[in-house]
Amino acid sequence: MLSTSKTTDRPLSRPATAAQLRHASRNLPRYTSYPTALAFQPGEGAAAPVDWFAATRAEDTISAYVHVPFCRRLCWYCGCNTTVAHEYDRIDTFQQVLEREIDLLARALGPHAGVAHLHFGGGSPNALSPEHFLNLADRLYDRLGLRADAEIAVELDPALLSDAFVDALGEAGVTRASLGVQTFDPIVQEKVNRIQPYDRVAASAERLRAQGVRGLNFDLMYGLPAQNPENVAESVELALTLKPDRIAVFGYAHVPWMKKHQVMIQDADLADVAGRWAQAEAADQALVAGGYVRIGLDHYARPEDPLAIAAAEGRLRRNFQGYTDDPAPVLVPVGPSSIGQFREGFVQNAVATDTWGRAVLKGELPLARKLPLSAEDRLRAAIIERLMCDLAVDVGAVCQAHGVNPGALDASVAALAEAESDGLCRIDGRRIEIPEGGRRLMRVVAAAFDERLPVAQNRHAKAV
Ligand code: SF4
């Protein structure tokens with residue numbers, strides 16, 4: 001593995017204050033949606049909101065998220081909906097059912113202007129064979145109508161990425177790849193059951209670019225077992241040698257009571273909140289020193305990247321895939337557990353692959369949960385999204401734009417008094433700004449507008 005030469009001139013990280021650590025210990029949602037998925041209610045069979053699919057408009061571009069719920073081995077930190085497929089037959093059957101689901105979706109959707117953003121996630125989309133990936137992409141492009149300028153993004157596990165799969169990505173016209181890097185430290189890799197040396201990731205990045213995949217994202221993590229500020233910063237510096245366009249830095253959420261395999265991670269190997277803060281800070285300092293701009297809560301991009309430009313122009317959006325510049329009003333769910341978004345509300349497909357498959361084979365959309373949005377949900381969602389994207393919002397103006405009294409959410413603004421005195425935000429009338437020092441805790445500020453939080457709080461991970 002390469003080693004970096006920057007260990008002596010790294011920027012010093014700022015230690016957290018006592019107040020920051022107190023807020024960082026709260027269990028809070030990531031607000032990739034509001035309301036969060038925990039608020040969704042059963043809505044299968046006759047209760048499924050299939051009419052929402054038919055209500056798309058001719059001028060709507062649409063997005064689609066395709067979930068591939070398979071991996072070839074389990075990383076101990078994993079929080080995703082996935083299983084290890086020991087036999088490829090299971091994946092073969094899955095992709096056949098997925099093609100049937102795409103046909104159902106094509107019939108269910110109303111008129112629209114084509115797919116502007118297609119995202120394959122998982123699990124590991126590269127658990128599919130190259131041939132099956134190409135079949136799936138063709139089916140999606142043909143049945144849902146891919147726009148010529150569409151962004152086609154694929155999440156990839158570099159440890160298992162074959163040359164043939166990269167070639168298939170090129171053939172399918174994929175425009176962006178997200179590599180799950182997480183850490184380059186071999187001890188940490190061993191402790192999380194994910195061995196992928198630097199050379200492997202470097203070779204994947206080079207081949208992806210050679211195949212015409214223009215955008216390259218890396219996911220990195222902090223808070224994993226045996227991580228510390230030094231090895232987190234070193235992983236960032238190694239990542240930067242490969243010049244990714246975007247980097248996301250996620251904190252490991254240790255929730256073994258929800259994700260049983262996380263018991264493989266020893267509590268004694270995990271940093272406390274102050275240690276996690278120091279790791280996040282080390283990553284942040286290394287990325288900014290490397291010329292990347294901060295985006296929202298946990299994303300970074302080169303200044304010329306479209307996401308950085310969208311953030312600078314106030315066009316950043318937050319959805320189930322994180323931060324995006326995609327303005328499409330409709331997100332179509334494909335595959336088990338996928339979440340969809342429509343003007344009327346959210347839907348989620350059946351989580352279990354068997355349940356999902358049975359519904360599709362009966363000729364039904366495999367919907368299991370839904371949440372119709374109330375006017376108040378939309379108002380609160382708009383405020384939370386602007387805080388999470390712009391780090392600022394004029395609450396009164398958003399209220400007026402939603403046709404309610406500008407003081408309708410004054411109680412939520414007033415609830416931020418303690419956060420303001422702790423330096424997490426500044427309040428001027430009904431305008432809220434999150435200063436740079438409050439960025440890592442923006443979820444605390446956003447939570448003031450979450451009226452559903454008290455019932456759901458114990459299901460979320462720490463704010464940092
Ligand atoms: S590759 Fe990703 S989805 Fe699969 S087990 Fe590892 S973290 Fe989970």
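Guide: Helices (H or I, at least four residues) are DSSP runs, numbered from the N terminus. Axes are lines fitted to C-alpha atoms, for helices over the stretch in contact, and angles run from 0 to 180 degrees between N-to-C directions. This is a predicted model: local features need pLDDT of at least 70, side-chain atom pairs count only at pLDDT 80 or more, and totals for chains, interfaces and linings use all residues. Residues are numbered from 1 along each chain as its sequence is written, and side-chain values use heavy atoms, with hydrogens and water left out.

Visitor: At what angle do the axes of α4 and α5 cross?
Guide: Two packed helices are described by the angle between their axes and the distance between the axes. Here, helix α4 (residues 130-144) and helix α5 (residues 163-171) have axes that cross at roughly 15° and come within 9 Å. α4 is therefore roughly parallel to α5 (angles under 35 degrees count as such).

Visitor: Which residues of α4 meet α5?
Guide: Contact means heavy atoms within 4.5 Å. Pro130, Phe133 and Leu134 in α4 meet Ala164, Phe165, Ala168, Leu169 and Glu171 in α5. The residues of this contact divide into seven nonpolar, no polar and one charged. Ala, Val, Leu, Ile, Met, Phe, Trp, Tyr, Cys and Pro count as nonpolar, Asp, Glu, Lys and Arg as charged, and the others, Gly among them, as polar.

Visitor: What classes of residue form the shell around the ligand?
Guide: That shell has six nonpolar, two polar and three charged residues. Among the residues surrounding the ligand are Cys71, Arg73, Tyr77, Ser124 and Asp157 (near means a heavy atom within 4 Å).

Definitions and conventions:
Helices (H or I, at least four residues) and strands (E, at least two) are DSSP runs, numbered from the N terminus. Angles under 35 degrees count as roughly parallel, over 145 as roughly antiparallel, 65 to 115 as roughly perpendicular and the rest as oblique.
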